[in-house]
Amino acid sequence: MGAGDDELLAYYLQTTNQNYEHSFFKESEEDITGVIIGEGLWEDYSKHPSRLAQIKANEISYSWDTLIEKFIYHITTGTSYRMSHPDLKTQENVFRFLAKENRTRRRYLSKSIHDLLAKTPDNTKATRLLLPTSPGEPYYLFLLLPRPKDIPHEEYRDVRGGLLERHIKITKLQYPEAKDIIGIATETGFVDERSEDCIYYDAREWTQEDEEEAEKDLKELKELGMYGKRHMFESKIKEYPDYLDTPVKKMKGRDRNSPCPCGSGKKFKNCCGS
């Protein structure tokens, strides 16, 4: 039973199950016979500092939305410069991967691209590989390649697209368990006019010939100084980035009737202390 759709939504967005997925049930559904959701949850949720911090943190995630819209526009209008699969049906499957990423994951993916752009010198090639965090997620490979002013744009796009394909197959070589790999390439640096390439590779079709070709490409790129040692980084991203858990441990006894340190204006026991 719920007091309204907004209350149901507020409860759902603040509840996760044992798999850390949003749910109406924290425990196994087999042990629950009913759920009653009262009034006031949405108002409290929408004004809570953690929710406001989430909205602010999510601003960068809309870069991912823009990227999807740009790719789809060029595909549906037939203005794509280069496509790994020319038929629309196959292309649709590619963008289902991009579109099914939730808002927190889109924030993570967007920050990864922006961070790579910010850290890479304008005259330097760079790649970044994002490994899946859950079963069914694709491997994302980001490639930055400087665009020389003395070569035609079409030639640059051909070189960049070919290099992206080679890096994708090298990814499969290094991660044999990979099934879906998506490569996204763009210019190095923050340029006025930007182009993007997106390639999807179904790694289930991997053959011995593909493996030998990938090994050859890897060796060649290393000899050319275009493939350096990979550095592995691990990071965590919170759905609600500024959730305050420290005050919960400090406020006990009578202090639980004091205003909550999070700034909600409610008593601590009715807010973060609940």
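Guide: Happy to. A salt bridge here is a side-chain nitrogen of Lys or Arg within 4 Å of a carboxyl oxygen of Asp or Glu. The model is a predicted one, where local features need pLDDT of at least 70 and side-chain atom pairs count only at pLDDT 80 or more, while totals for chains, interfaces and linings use all residues. Residues are numbered from 1 along each chain as its sequence is written, and side-chain values use heavy atoms, with hydrogens and water left out.

Visitor: How many salt bridges does a search of the whole structure find?

Guide: The search finds 17 salt bridges. One of them joins the side chains of Lys56 and Glu59, at 3.6 Å from N to O.

Visitor: Why do side chains like that pair up?

Guide: Side chains of opposite charge can pair when their charged atoms come close.

Visitor: And Lys56, buried or exposed?

Guide: Lys56 is exposed, with a relative accessible area of 57%. Buried means under 20%, exposed over 50%, and partly exposed in between, using a 1.4 Å probe and protein chains only. Glu59 counts as partly exposed at 47%.

Visitor: What about Arg106 and Asp65, which also meet in a salt bridge?

Guide: Their side chains are 3.2 Å apart, N to O. Arg106 lies in helix H6 (residues 103-119) and Asp65 in helix H4 (residues 62-76), so the pair ties together parts that are 41 residues apart in sequence. Both Arg106 and Asp65 are buried.

Visitor: Which residues are linked in a network of salt bridges?

Guide: Those are Arg157, Arg160, Glu187 and Asp197.

Visitor: New topic: how many helices and strands are there?

Guide: The protein has nine helices and four strands. Both are DSSP runs numbered from the N terminus: helices are H or I with at least four residues, strands are E with at least two.

Visitor: Is the whole thing compact or spread out?

Guide: The radius of gyration is 23 Å, well over the 19 Å that the globule rule gives for 274 residues, so the protein is more spread out than a compact globule. That radius is taken over C-alpha atoms, and the rule is 2.2 Å times the number of residues to the power 0.38.

Visitor: What size of box do the C-alpha atoms fill?

Guide: Roughly 70 × 40 × 35 Å, taken along the principal axes.

Visitor: Last one: what share of the residues is buried?

Guide: Buried residues make up 36% of the 274.
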